[in-house]
Amino acid sequence: MPSSPVFRDSSPAYGAIRRRSRFTYKQLGSLASYSTTSPLRVIAHIDLDAFYAQCEMVRLGTPEDQPLAVQQWQGLIAINYPARTFGIGRHCTVTEARKLCPQLIAQHVATWKEGEEKWAYHEDAASHIGTHKVSLDPYRLQSRKILALIKDFLPSNRQKVEKASIDEVFLDLSGQIHGILLERFPELGNPPPYDDPSENLPLPSITALDWQADALVDLDDIEAEADDPDWDDVAILIGSEIVRDIRAEVRQQLGYTCSAGIASNKMLSKLGSGHKKPNQQTVIRNRAVQHFLSDMKFTKIRNLGGKLGEQVVSTFDTETIKDLLEIPVEQIKLKLGDDTGIWLYNTIRGIDASEVNSRTQIKSMLSAKSFRPSINNVEQAYKWLRIFAADIFSRLVEEGVLENKRRPKTINLYHRHGGQTRSRSTAIPQGKKLDEATLIDLAKSLMNQIASEGRVWPCANLSLSVGGFEDGVVGNMGIGAFLVKGDEAKGLKTQSDASTPSSDRPEKRRRVEGPSIQNFFKRDSPYGATEDNDSIEDADEHQTLRSLASHDAEDSRKEAGETDFVTTKSSETRQLSITDYMCSRCNAGLETAEALQSHLDWHFAKDLQQEEERGRPGFASHTSVPSDQKQKKPGAPSSKKSSRGSNSKLEQGQSRLKFG
Ligand code: TTP
Ligand code: CA
Ligand code: CA
């Protein structure tokens, strides 16, 4: 039977069902206020294609079809799509990659050379792992430019943009779409019948939507494709138009291609952006969600890639969403606890009410290096501390430390010797302008304190971090403070709040915890409560672990934005497959024991950093603080020391696990 809209409208049987929208006036209104429960909500996730590789291509003016990979020591950390057609992946060494594709350009990442003041692209960097440290500054810079362009593209009062990692953002387009809907469909502006907002809207006055070249996920019920669209379809279509325009703008202005997902929430949009790559966007309409999810492994969902996902697999003995859908919520709650259970139950049904969080303030910065071979004296350590300080200071300058916009309160040094880790931290003097020399002096003095304990050499890892960021003091802002308007004025309000005596206020205010599921993730993975991780500029309190890390060797991947990252190569004598070593905390697969150790160092340093930021004395789950150090003298630097005993959590990850 033909089912044209005309036919249905004229048929009493259909007409009765379909004359009005499934959505109410009230729900339409909730779109304007970015309500996370609005059924018309539209969220987009944009992820840059082969990001570091594209950065190098743009910088070098490389032709589009030229295979190019970004090299870090002997490994590859980003591979452009032309190079991928040769079978080159992150698992390849440079040598292997060149065999697969002799015309490959392997561009080494920029490095800080021991003793130099600034990072640079050094021709011979790959052979100097001992004296160079990776700099990701060039990529951060591009990342910032892209983010700024995306923001600028959106109406100034509608910029709900969350930076989720160095190469991805979430956009909540709801407010903007609400405006466009009212413009295009003036009938929506009419008052509801009987002035009752719970009345259903009229159906959209169009029957066919033009999705252009978007990858459209099939509907749950294929036959339903012939049905008239409802307002959620129209809203998501407008969302996909906006995203298409943004992508074109990024391409045109800055030369980058990206992929995107458009859906009703963050989880789905993120899955969407990875669905078709490169340079494509995928739309997941509400009516297509079940179909989209049903054949998927739930470990692909953000937050389920790591330890939690593994727990779910072993608890319910399945990897598929389809199987999990059969399990009653009570049973899931029983096994995983109420919060996690409910979260999982909703998630596999495509339900996710998490907010797109547009705060973009950094919470901490970390600069670190794992030494192979280890370093043996304080002079060598100083050389690295100078580089760390320069690295951190250059990022502080970008954060506006010179203008006193924001400044860190504490500095922390983490040191590893053998199985033992030590950390010292101290306050950064607040009275005077913060400069690089001050950071170096503080770092050296922390180093001296650690060294004075004896038995600290050889040292296998040093990490320097600053944290406890505070907004600048209004009184110091000079005349500029009187010449502000709009958003800036709002910013100032925050600053003056922050300058009240309780120095922790801004951080505290942001630390409004969501349900305890958030805490579960915090402990579970370095990527925190979202899939994302080490977002460098967006330190979201809900994702405490996503702070600023500029690691070295294997560690730059942590800025990538993926839960299930693979490590880069660190040694030429690699025999084990990439997943031979698993991190017990986040399930990352590491290829060598050293890489795993570096990775664990990273967790450890991040944990310490967080504890410092929270001002909590304890660190029970990961370290044992010697009793003589538990009592901290007022004003004395805090000190932490731990040894990874057999009962230590970190030790577990060192066991060798075989996965295929
Ligand atoms: P991804 O977004 O995971 O990957 P990608 O942008 O290279 O490729 P895709 O087109 O599939 O999105 O990571 C972003 C950048 O982070 C990547 O270009 C390099 C860096 N990175 C690492 O350094 N190591 C890693 O293991 C991963 C996964 C990423
Ligand atoms: Ca990417
Ligand atoms: Ca990414």
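Guide: Start with P278, in the loop between α10 (266-273) and β13 (281-283). Helices (H or I, at least four residues) and strands (E, at least two) are DSSP runs, numbered from the N terminus. This is a predicted model, where local features need pLDDT of at least 70 and side-chain atom pairs count only at pLDDT 80 or more, while totals for chains, interfaces and linings use all residues; side-chain values use heavy atoms, leaving out hydrogens and water. Residues are numbered from 1 along each chain as its sequence is written, and chains are lettered from A and ligands numbered from 1 in the order in which they are written.

Now the bond itself. K277 and P278 are joined by a cis peptide bond, with omega about -10°. Most peptide bonds are trans, and most residues other than glycine have a negative phi. The loop between α10 and β13 also holds N279. N279 is not a glycine, yet its phi is positive, about 55°. How exposed is N279? N279 counts as partly exposed, because its relative accessibility is 39%. Here buried means under 20% relative accessible area, exposed means over 50%, and partly exposed lies in between (1.4 Å probe, protein chains only).

Look elsewhere for the cis bond. W457 and P458 are joined by one, with omega about -5°. P458 sits in the loop between α17 (436-451) and β18 (459-467).

Look elsewhere for the positive phi, too. Y34 has one of about 55° and is not a glycine. Y34 belongs to the loop between α3 (25-32) and β2 (43-48). Y34 is buried, because its relative accessible area is 15%.

Next, a helix. α9 covers residues 231-254, which makes 24 residues. The expected span of a helix is 1.5 Å times one less than its number of residues. For α9 that gives 34 Å, and its end C-alpha atoms are 34 Å apart, so the two agree. Of its 24 residues, 17 are buried, so α9 is largely enclosed by the rest of the structure. G255 follows α9, and its phi is positive, near 90°.

Now the rings. The whole structure has six aromatic pairs. Among them, Y52 and Y139 are stacked, at 4.1 Å centre to centre with 15° between the planes. Y52 is in α4 (residues 51-60) and Y139 in α7 (residues 137-153), so this pair ties together parts 87 residues apart in sequence. Y52 is buried at 8% relative accessibility, and Y139 is buried at 1%. Another pair, W119 and Y121, is edge-to-face, at 6.2 Å and 85°. Rings of Phe, Tyr and Trp (its six-membered ring) pair if their centres lie within 6.5 Å; planes under 30 degrees apart are stacked, over 60 edge-to-face, and the rest tilted. Y121 is partly exposed, at 25% relative accessible area. One aromatic cluster holds F51, Y52, Y139 and Y256.

Charges meet rings as well. The charged end of K266 sits over the ring of F170, 5.0 Å from its centre. R349 lies over the face of Y345, at 3.6 Å from the ring centre. The test is NZ of Lys or CZ of Arg within 6 Å of the ring centre and within 35 degrees of the ring normal.

Last, the cysteines. How many disulfides does the whole structure have? Zero, where a disulfide is a pair of cysteine sulfur atoms within 2.5 Å. C92 is buried at 2% relative accessible area, and C101 is buried at 0%.
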